[in-house]
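Hi,

Here's the structure I promised to pass on. Have a look at it first, and then read my notes below.

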Amino acid sequence: MRTRQSAVNLALWTVVLLLLVVAFVMLGRWQWQRTYRPVDGYSAEPAAIPLETLVPGGAAIPATAVARQVTVTGDYVTTGQEIVPGHSLSGQTVSWVVTPLVLADKMEVLVVRGWIGTTGDALATAPTSPVSVTARIEIGDVLTIGTIPAARSALPSGYLIRTAQSPPDPLSLQPVPAGPPDDHAPQEFHLQNAIYVVQWYLLAIIAVVTWWRSLRVRRRPHAADDQRPLAPAV
């Protein structure tokens with residue numbers, strides 16, 4: 001009976017140690033994956049810069065400028081504004097509000113100021129005073145008709161999707177979602193995570209050694225009992 005109970009205890013102890021070893025190894029692998037990673041808090045979003053700095057003089061848009069945020073200042077041409085249907089947002093059919101913006105050098109750029117639903121025409125009202133706009137550069141034609149002639153377009157091969165504006169619109173026109181540039185953060189070595197890797201693997205080794213020593217201790221008394229002489233009968 002005692003031998004059977006000892007075997008059960010040994011089996012339970014083995015299962016517990018096995019689970020601990022697996023947990024320690026998995027934690028060590030997780031910390032190893034975090035050893036080479038971007039700096040915590042890294043942002044791949046570059047700061048917004050003036051449009052003429054990134055695309056000077058109405059030149060062609062370089063590939064590195066796509067989705068970059070730029071700043072422009074000027075006046076909206078409300079008479080040139082167009083509502084462009086045929087877009088969708090989260091399964092909803094919407095229209096884009098596209099308004100030309102006249103810059104200080106008299107060049108113009110098309111700005112997608114936001115989107116409206118089927119009953120949101122009132123939201124499309126543009127400010128009549130000068131504005132400072134932050135927007136993302138996109139390539140392509142946003143209008144099928146009434147485009148700005150290339151001779152006076154600040155972006156002959158593209159347009160801007162507004163992300164912010166000062167002062168804001170008279171009404172709450174929501175911006176069209178636009179993602180940041182596809183920029184990958186540089187990987188760096190993190191010593192703290194490397195130390196954690198060593199720590200978890202050492203704990204796994206300690207758990208195995210503990211199990212092995214426990215196994216030896218459990219077997220030793222039985223061997224001694226077999227060699228002990230029988231007590232004389234009284």
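Let's begin with Arg162, which sits in strand 8 (residues 158-166). Strands here are DSSP runs of E with at least two residues, helices are runs of H or I with at least four, and both are numbered from the N terminus. Before we go further: this is a predicted model, where local features need pLDDT of at least 70, side-chain atom pairs count only at pLDDT 80 or more, and totals for chains, interfaces and linings use all residues. Residues are numbered from 1 along each chain as its sequence is written, and side-chain values use heavy atoms, with hydrogens and water left out.

Is Arg162 buried or exposed? Its relative accessible area is 5%, so Arg162 is buried (buried is under 20% relative accessible area, exposed is over 50%, and partly exposed is in between, using a 1.4 Å probe and protein chains only).

What does Arg162 touch? Leaving out residues up to four places away in sequence, its contacts include Tyr76, Val111, Thr134 and Pro175 (a contact means heavy atoms within 4.5 Å). Its side chain also reaches the backbone oxygen of Arg113 at 2.8 Å, and a polar contact of 2.4 Å joins it to the side chain of Gln165. A polar contact is a pair of N or O atoms within 3.5 Å; within protein, one must be able to donate a hydrogen and the other to accept it, and residues adjacent in sequence count only if both atoms are side-chain atoms.

Now for the charged pairs. Side chains of opposite charge can pair when their charged atoms come close. How many salt bridges does the structure hold? There are 3, each with a side-chain nitrogen of Lys or Arg within 4 Å of a carboxyl oxygen of Asp or Glu.

One of them joins the side chains of Asp169 and Arg162, at 2.8 Å from N to O. Asp169 also forms a salt bridge with Arg113, with the closest N and O atoms 3.0 Å apart. Asp169 lies in the loop between strand 8 and strand 9 (188-189) and Arg113 in strand 6, so this pair ties together parts that are 56 residues apart in sequence. Asp169 is buried at 11% relative accessibility, and Arg113 is buried at 0%.

Then there's Arg152 with Glu108, whose side chains meet in a salt bridge at 2.6 Å, N to O. This pair links distant parts of the chain, 44 residues apart: Arg152 is in the loop between strand 7 (131-139) and strand 8, and Glu108 is in strand 6 (residues 108-116). Arg152 is partly exposed at 37% relative accessibility, whereas Glu108 is buried at 13%.

Cheers
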